[in-house]
Amino acid sequence: MPLADSTDADARADALAALGWQVDLGADEAIEDTPVDRYQLALRRPAPDPGAPRADPASTPPHAGGPPDPAAAAEAAAGAAGDLAGLRAAMAAFEGCELKRGARNLVFSDGDPAARVMIVGEAPGRDEDLQGKPFVGRAGRLLDRMFAAIGLSRAGGSLYLTNVLPWRPPQNREPTADEIAMLRPFLARHVALADPQILVVVGNISAQALLGRRGILKLRGQWTDALGRPALPMTHPAYLLRQPLAKRDAWADLLSLKARL
Ligand code: URA
């Protein structure tokens, strides 16, 4: 074999071995289709001038004169949406969140927007990212069975579903507090436009976004208020898949929801 060919073959074998090693470690996808030049991104952000006088944070809006603040941009885009189609379009056009670049699809909602009950989950997983719909994987199928047991279903017009995050975090990692806060205006607008009678707050991320605190195992089953309407925190179906004994409490929560309706 000519030397060049054997070098190419070696390089290919090395690359495959490196890839195999990453797969063994648990990597199951490439995060981005196109490379992102982080050096260019950093260059576009002007470095703070250490000699500049300090602005009074009480009187100066954040990011005044600097690059646009993604949270403020999300707030403005969400507020300008006059209906659910407009909100979906505004979220699809929003460029302030890095999660969007690693996701295949925007996961906006499923079910009937006119339903009395709106479920707010955490974030899309692999199946949701592929199909562009919330709760379509294993946890979603359990969620459907749970709510069907009290006569509620997305196909039957009695449930509307969304998530705190419309894009799948890479490797299903926990979203950061900044990501949750940045995307919250979209969620708040979503709830205002759908105008459900009751919110079901599913899991810790949703509790953080809607109730301002975590600890879903303590919060679950206790009716509270979120975004100005009655809200019932519940454990996430993914947790119930791991901890089947917790289904007893989840059933009590479903009965409480049924009684309230
Ligand atoms: N878990 C969630 O919280 N939401 C989904 O859409 C899927 C899984």
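User: Which pocket does the ligand sit in?

Analyst: The ligand sits in the second largest pocket. A pocket here is an open set of points on a 1 Å grid over the protein atoms alone, where a 1.4 Å probe fits, with protein on both sides within 12 Å along at least five of seven lines; a molecule sits in one if more than half of its atoms lie within 2 Å of its grid points. Keep in mind that this is a predicted model, where local features need pLDDT of at least 70, side-chain atom pairs count only at pLDDT 80 or more, and totals for chains, interfaces and linings use all residues. Residues are numbered from 1 along each chain as its sequence is written, and side-chain values use heavy atoms, with hydrogens and water left out.

Around the ligand you'll find G121, E122, A123, E128, P134, F135, N163 and H236, each with a heavy atom within 4 Å of it. That shell splits into three nonpolar, three polar and two charged residues, with Gly counted as polar, and Pro as nonpolar.

Now the polar contacts (N or O pairs within 3.5 Å). On the backbone, an N or O atom of E122 lies 2.7 Å from a ligand oxygen, and a polar atom of A123 is 3.2 Å from a ligand nitrogen. From a side chain, a polar atom of H236 lies 2.7 Å from an oxygen atom of the ligand. The protein covers 92% of the 240 Å² of accessible area that the ligand has on its own, by the Shrake-Rupley method with a 1.4 Å probe.

Technical notes: Polar contact = N/O pair within 3.5 Å; in protein donor to acceptor, adjacent residues only side chain to side chain. 1 Å grid on protein atoms, 1.4 Å probe; cavity = no way out; pocket = protein on both sides within 12 Å on 5 of 7 lines; lining within 4 Å.
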